[in-house]
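Reader: Please present the model, and then let us discuss the contacts and charged pairs within it.

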Amino acid sequence: MATQFSVSFQVVKQQLWRLKRHLSKRMLVIEFRQDSLVLAQFQLLPDGLKLCGFVREVLPGDAVERGVPKDPQLMAELISSLCKEQFLVGHRAIVVLPPQAVHLSSHWLPGGQQVEDLQQSLLESSSPIQLPF
């Protein structure tokens, strides 16, 4: 008597993808542009980096604001589906922040002071100049 069993190749494919992602030594670089999402997969080599995969997905104009997705859950689902479709795996993910995501300001410091004195005055809690760290 022969036994029959059915194998869903989609389930096997997903399991292999998860195993490959878990064992991978590659990095996934994510960049949120104003009009697109860029995913790049790199492999670390002793003498540099090797580009192993790349995908650029066009986004609606209001999907990203100052380098940050407006709907993080929806963006996470998009990234996950793109990685599965394009077989992009990575042990680590790196997010590239555009200049719009960073707050920059200029301040004039009094002249004629020693660098150590300026550093000390900037680190005081009563300083009018607020540092972002």
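Author: Gln 41 touches Arg 26, Met 27, Leu 28, Lys 50, Leu 51, Cys 52, Gly 53, Phe 87, Leu 88 and Val 89, leaving aside residues up to four places away in sequence; contact means heavy atoms within 4.5 Å. This is a predicted model, in which local features need pLDDT of at least 70 and side-chain atom pairs count only at pLDDT 80 or more, while totals for chains, interfaces and linings use all residues. Residues are numbered from 1 along each chain as its sequence is written, and side-chain values use heavy atoms, with hydrogens and water left out.

Reader: Is Gln 41 buried or exposed?

Author: Gln 41 lies in strand β2 (residues 36-45), strands being DSSP runs of E of at least two residues, numbered from the N terminus. Buried means under 20% relative accessible area, exposed over 50%, and partly exposed in between (1.4 Å probe, protein chains only). With a relative accessible area of 2%, Gln 41 is therefore buried.

Reader: Which residue forms a salt bridge with Asp 35?

Author: A salt bridge is a side-chain nitrogen of Lys or Arg within 4 Å of a carboxyl oxygen of Asp or Glu. The closest N and O atoms of the pair are 3.7 Å apart, and the partner of Asp 35 is Arg 56. The pair links distant parts of the chain, 21 residues apart: Asp 35 is in the loop between β1 (26-32) and β2, and strand β3 (residues 48-58) holds Arg 56.

Reader: How many salt bridges does this rule count?

Author: Glu 31 and Arg 33 form one of them, at 3.4 Å from N to O. Glu 65 and Lys 70 meet in another at 3.8 Å. By this rule, the count of salt bridges is 3.

Terms used: Helix = DSSP H or I, 4+ residues; strand = E, 2+ residues; numbered from the N terminus.
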